[in-house]
Structures are given as C-alpha cells and as structure tokens.
Amino acid sequence: MSNLFDPTPGQDYGLCLTCNKPIPNESDKAKHWNGDGKGHSIRVLNESRAERIESHITREVEDALQSAFSSIDDYIARGHFTEEEVTVALRTVHVEVDDEWKEYSNGN
Ligand SMILES: [Zn+2]
C-alpha cells in the first residue's frame with residue numbers, strides 16, 4: 001500500500017480558529033465541538049486519509065461525468081438528437097455509483 005493519500009506525519013489535523021487550539025487528530029474535531037469548543041470553526045490543515053481519498057474519488061467521478069456530458073454535447077452539435085431529447089432520456093438514467101462500483105470490482 002502506497003502512502004500517497006496518507007496525512008503528513010507529525011502535523012496536526014487542524015487548528016481551531018476560535019480558540020487557537022491545535023486539533024491533533026480528526027477525532028479531536030468532534031471532541032472539541034462536543035466539549036468546550038461548541039460552534040467553533042476549525043480549519044483543516046492536514047486532511048485525514050479518508051478525506052483525501054474522498055476528494056480524489058469525487059473528482060474522478062465528476063471528471064467522468066464532464067466527459068460524458070461533453071460527448072453528449074458533440075452528438076447534439078452533429079444533429080443526432082436535441083437537448084430536449086437528452087433531458088428526457090436522462091430521466092431514465094439512475095446511477096448508484098457505489099452499486100456500479102461493487103458490480104465492476106466483483107467482475108474483475
Ligand atoms: Zn475552539
């Protein structure tokens with residue numbers, strides 16, 4: 001397993017901007033909010049591995065969508081279908097990304 005998405009070692013997870021207190025780990029964020037830091041705003045300086053992976057995966061899926069939309073746009077530009085026809089067709093597209101992934105990764 002590579003360390004590409006690991007947080008920077010030895011660096012605090014974040015900083016409370018309200019009381020200027022360091023937040024060493026992600027779990028300390030909830031602890032602070034539930035304790036004496038209720039309503040404080042916390043700046044994340046060193047995202048957790050899960051947060052880094054989440055951002056990356058979100059970007060990948062958004063890129064794939066943009067690519068699909070651009071391809072659909074080309075079909076419209078070539079006069080194969082209209083924007084209205086695409087809108088109607090898209091109503092029948094129900095993609096649950098997590099289910100699709102499960103299916104894909106089980107087939108590999
Ligand atoms: Zn605070």
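Modeller: A term first: two strands count as paired if DSSP finds at least two bridges between them. This is a predicted model. Strand β1, residues 14-16, is joined to β3 by three bridges, and the two run antiparallel.

Biologist: Which residue in β3 is the bridge partner of Gly14?

Modeller: Gly14 has Val44 of β3 as its bridge partner.

Biologist: What is the strand order in the sheet?

Modeller: The order is β2-β1-β3, in an open sheet of three strands with antiparallel pairing. Strands β2 (22-23) and β3 (42-44) each have a single partner and stand at the edges, so one side of each has no neighbour in the sheet.

Biologist: Turning to the whole chain, in what order do the elements run?

Modeller: Starting at the N terminus, the order is β-β-α-β-α-α-α. The radius of gyration is 21 Å, well over the 13 Å that the globule rule gives for 108 residues, so the protein is more spread out than a compact globule.

Biologist: What does the C-alpha trace span along its principal axes?

Modeller: The C-alpha trace spans about 60 × 35 × 20 Å. Of the 108 residues, 3% are buried.

Biologist: What share of the contacts with a separation of 6 or more comes from residues 24 or more positions apart?

Modeller: Such residues account for 47% of those contacts.

Conventions: Residues are numbered from 1 along each chain as its sequence is written. This is a predicted model: local features need pLDDT of at least 70, side-chain atom pairs count only at pLDDT 80 or more; totals for chains, interfaces and linings use all residues. Helices (H or I, at least four residues) and strands (E, at least two) are DSSP runs, numbered from the N terminus. The radius of gyration is taken over C-alpha atoms; the globule rule is 2.2 Å times the number of residues to the power 0.38. A residue is buried if 20 or more other C-beta atoms lie within 10 Å of its own, exposed if 12 or fewer, and partly exposed in between; C-beta atoms are placed from the backbone. Two residues are in contact if their C-beta atoms, placed from the backbone, lie within 7 Å.
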